[in-house]
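Subject: Structure handover and notes

Hello,

Please read them with the model open.

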Protein chains: 2
Amino acid sequence: MAKASAKGGSRGKSAAPAKNPADLTAYEAAAAIASRNLTSEELVTACIARIDQLEPEVKAWAFLDRDHALAQARAADDWAREGKGLGILHGVPVGIKDVIDTGDMPTEANSALFKDYRPRADASCVASLRAAGAVIMGKTVTTELASSTPGATRNPRNLAHTPGGSSSGSAAAVACGMVPLALGTQTAGSVIRPASFCGVYALKPTFGLVSRRGVLLQSHTLDTIGLYARCIEDLALVTDAAAAYDSQDPVSISAARPRLSEIAASEPPLPPVFAFIRTPAWEQTSSVLREAYTELIAELGGRVVEIDLPTLAQATECQRIVQSAENAAYYGLFREKKPELVSDGLTERLKSGARIAAQDYIRAVNMRDMLYTAVEDLLTHYSAILAPSSLGPPPKGISNTGDPIMNGLWTYLGVPAINVPLLEADGLPIGVQLIGARRDDGRLLRNARWLARHLAGEV
Amino acid sequence: MAKASAKGGSRGKSAAPAKNPADLTAYEAAAAIASRNLTSEELVTACIARIDQLEPEVKAWAFLDRDHALAQARAADDWAREGKGLGILHGVPVGIKDVIDTGDMPTEANSALFKDYRPRADASCVASLRAAGAVIMGKTVTTELASSTPGATRNPRNLAHTPGGSSSGSAAAVACGMVPLALGTQTAGSVIRPASFCGVYALKPTFGLVSRRGVLLQSHTLDTIGLYARCIEDLALVTDAAAAYDSQDPVSISAARPRLSEIAASEPPLPPVFAFIRTPAWEQTSSVLREAYTELIAELGGRVVEIDLPTLAQATECQRIVQSAENAAYYGLFREKKPELVSDGLTERLKSGARIAAQDYIRAVNMRDMLYTAVEDLLTHYSAILAPSSLGPPPKGISNTGDPIMNGLWTYLGVPAINVPLLEADGLPIGVQLIGARRDDGRLLRNARWLARHLAGEV
């Protein structure tokens with residue numbers, strides 16, 4: 001059943017928070033801090049209280065030094081009191097997936113291989129967040145090496161269910177108000193799927209928008225930094241803060257980055273029309289998902305057209321080949337050196353990846369721009385593609401983080417994708433995935449915001 | 001025995017040719033045409049006469065339409081007579097390897113797969129040459145698909161010997177004065193080795209300097225357009241004409257291209273010191289090559305230092321893996337569709353390439369910049385690397401174009417390499433290879449010119 005989510009549509013930028021600061025959106029919190037109606041210390045204290053309350057069951061954090069987080073918050077407050085210029089995330093806490101380097105915290109990737117590993121420097125994206133004034137709250141739980149073997153995190157919407165993975169802790173922490181923002185990474189479906197399962201907003205931006213320097217390398221063709229938030233405005237804000245050209249990341253986009261926050265907050269020139277694509281794995285979706293989508297499509301009426309794009313089956317297959325092969329090339333070195341520190345599940349995946357022939361890999365990489373052409377053409381006629389974010393609601397148990405098959409093809413194509421937490425079944429979230437053209441992240445955010453507000457009856 | 005070659009050192013830019021126009025260097029011919037002391041028609045007529053005289057034995061040409069070449073020459077002369085601005089190669093004929101597209105001539109790649117194939121447009125590098133005023137003389141013989149199976153070309157220095165390959169016709173045509181300039185391609189040693197065997201100058205420029213759009217794709221990581229000429233000044237001139245940024249070639253260097261002709265013609269600020277590297281295949285070189293190099297090193301005295309760079313063995317191996325895998329990915333499609341049109345030799349190579357694992361290929365590609373670092377460091381201390389261009393003089397017979405093992409590592413590293421035709425044994429040429437830092441093609445040309453002039457007693 002389609003459930004209207006009004007969060008994304010909240011327009012009033014209240015500077016005087018009446019509610020628990022941990023429940024503020026990031027842009028509300030940043031505005032309150034900038035206008036001296038809230039201190040970063042109050043905000044971080046509220047978030048820590050929320051963590052202290054929920055963490056024993058949710059287990060979203062791999063590393064959290066409360067004193068260090070509060071010290072950053074107090075330093076941010078001192079800075080603000082001195083009247084210095086404030087970054088767009090000044091004093092706002094962000095959770096960082098534990099495969100992303102932090103110069104002041106360990107980065108263990110949920111693997112014995114990285115036990116006690118302390119990077120010498122921040123990853124580029126973390127450095128960008130700090131430059132925007134963010135408080136780096138701590139490190140969130142990942143599956144083993146951002147692959148399949150789950151961590152201990154539970155879904156805060158229902159503790160009996162998986163939060164998804166591999167960005168399990170980031171999705172869960174944002175979903176239950178431990179932090180307003182978090183960073184994840186996606187190689188197949190590691191950002192969008194957990195967002196779908198936990199009922200939060202997430203953006204996997206255009207490939208190359210956010211630098212990957214200082215982030216665990218799993219697949220240079222696919223690895224993408226993603227962002228979690230509780231509304232579209234916050235997604236735009238944190239992406240503006242994290243995105244920057246980086247000559248050290250060979251795929252980093254060197255073109256100017258328009259301010260996503262401004263585009264996302266603007267009204268579409270015309271009401272959007274979405275292209276609904278079932279995508280090749282539709283037959284594997286759960287019946288409750290199909291029912292929810294039937295209702296959603298009906299509710300959208302003339303604002304959605306169902307489209308068939310048969311070439312997407314090839315994109316799904318190419319993503320699988322590229323990820324397996326590159327994963328084997330990179331993680332295979334770990335397995336060769338310290339096989340006892342790699343889980344059985346990952347070992348099997350790496351063995352399978354090692355069998356992929358170079359010629360099949362090369363062809364799969366080379367298909368990418370060709371297959372994208374059909375998507376790009378479609379997006380000249382439609383505002384965005386609408387497709388499921390996951391095969392259904394989060395599976396029961398935490399031994400399996402679910403299947404990324406609804407996401408891998410979009411990661412492969414390098415297009416921006418957003419999870420909009422619009423649907424639910426039996427109290428469990430089911431996300432709606434919107435997909436845009438490469439480098440058109442702003443328009444995608446704007447259309448996602450329109451969709452959330454439209455279903456909330458606001459537009 | 002070291003043989004001084006004075007060609008590269010010729011300084012007088014005579015505008016009044018007293019000799020057969022076919023024996024002029026390209027810069028002499030261009031200057032004579034620009035000053036109206038020679039017409040392009042006279043030059044092309046002289047080249048055609050040379051071709052008519054030698055082609056029955058040398059067999060350098062895959063396609064030559066004398067009338068079409070003369071028509072281009074007359075059009076160039078008409079243009080000059082009208083007083084219009086002239087490009088740097090105005091009226092000068094260039095031979096084009098038959099794997100490079102020409103919109104007005106077939107491009108058959110010495111393969112039944114491309115029989116009668118007529119491209120719709122010029123390759124970018126051909127279009128650049130035409131923009132510089134060049135007359136596209138015709139298409140030169142390549143081995144089958146620029147791989148190993150030889151064409152019919154013979155070495156003009158001794159018809160009983162191979163000219164090398166795969167750019168067999170381009171090297172041979174320039175060597176015997178059929179054209180002053182020609183284009184080739186190199187994936188392992190297909191430009192430098194034929195130059196060594198035929199006793200001509202050749203430049204394999206920095207990877208990405210000359211666009212590969214419209215050129216048969218064998219290996220996107222390695223394929224490089226190369227240039228043939230009879231002196232260093234001409235190499236600089238034709239490279240200036242052919243090199244241009246091309247957004248359609250993903251590896252095209254977008255930085256500004258300094259005029260190589262100016263740098264090449266300038267004096268080194270200090271006399272160069274060369275780093276002599278035997279490279280990993282030294283043990284396979286012929287005894288006459290080793291004797292010739294011993295003499296050359298002795299003659300250079302303090303201007304050369306022998307250096308050992310053990311990491312080059314890995315570069316040799318990585319090149320082999322990358323070429324085999326990418327070759328299988330691209331040509332494998334030909335073999336799958338029309339196996340009967342692929343030679344047995346190439347079929348075996350493709351089968352072998354198909355067995356390469358993706359993870360080994362990915363690691364081999366990724367080693368490139370790491371292995372280049374050692375070469376780059378060395379080139380901050382030395383003017384250029386000096387190494388053999390081939391294992392020895394051209395082998396006897398034309399059933400085998402020789403081994404590219406002295407070249408593949410440099411192609412892989414993406415560095416510019418020049419063949420300087422300085423040595424000979426038993427009347428057969430042995431080239432000296434000079435290697436420079438990436439994007440430092442101008443300095444490399446200048447040092448190569450210094451070396452040729454130094455051995456000729458001019459500096």
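Which residues are exposed on the other side of helix 11 of chain A? They are A:D344, A:E348, A:K351 and A:S352.

Before the rest, some conventions. This is a predicted model, in which local features need pLDDT of at least 70 and side-chain atom pairs count only at pLDDT 80 or more, while totals for chains, interfaces and linings use all residues. Residues are numbered from 1 along each chain as its sequence is written, and chains are lettered from A and ligands numbered from 1 in the order in which they are written.

Helix 11 of chain A covers residues 344-354, and A:L346, A:R349, A:L350 and A:G353 in it are buried. (Buried means 20 or more other C-beta atoms within 10 Å of the residue's own, exposed means 12 or fewer, and partly exposed is in between; C-beta atoms are placed from the backbone. Helices are DSSP runs of H or I with at least four residues, strands are runs of E with at least two, and both are numbered from the N terminus.) These four lie on the same side of helix 11 of chain A because they cover an arc of only 100° around the axis; the arc is that of the directions from the helix axis to the C-beta atoms. An α-helix has 3.6 residues a turn, so residues three or four places apart point the same way.

The buried residues of helix 11 of chain A pack against helix 10 (312-337) of chain A and also against helix 12 (358-381) of chain B. Between the chains, 14 residues of chain A are in contact with 14 residues of chain B, contact being C-beta atoms, placed from the backbone, within 7 Å. On the chain A side, helix 10, helix 11 and helix 12 (358-381) each supply at least two of the touching residues. By class, that side has 9 nonpolar, 3 polar and 2 charged residues. (Ala, Val, Leu, Ile, Met, Phe, Trp, Tyr, Cys and Pro count as nonpolar, Asp, Glu, Lys and Arg as charged, and the others, Gly among them, as polar.)

Chain A as a whole

Chain A has 14 helices and 11 strands. Of its 459 residues, 61% are buried. The C-alpha trace spans about 60 × 55 × 45 Å along its principal axes. Among contacts between residues at least 6 apart in sequence, 77% join residues at least 24 apart.

One loop residue in chain A

A:V141 sits in the loop between strand 3 (135-140) and helix 5 (168-175) of chain A. A:V141 counts as buried because 29 other C-beta atoms lie within 10 Å. Leaving aside neighbours within four places in sequence, A:V141 has contacts that include A:W61, A:D98, A:N110 and A:T153. A:E108 is 33 residues away from A:V141 along the chain, and their C-alpha atoms are separated by 9.4 Å.

Strand 5 of chain B

Strand 5 of chain B (residues 201-204) is covered on both faces: B:Y201 and B:L203 are buried on one side, B:A202 and B:K204 on the other. Strand 5 runs antiparallel to strand 6 (residues 224-229) of chain B, with 3 bridges joining them; strands pair if DSSP finds at least two bridges between them. Strand 5 also pairs with strand 10 (residues 417-425) of chain B, in the antiparallel sense and over 3 bridges. B:L203 stands opposite B:L227 in strand 6 and opposite B:I418 in strand 10.

Regards

How values were computed
Contact = placed C-beta atoms within 7 Å.
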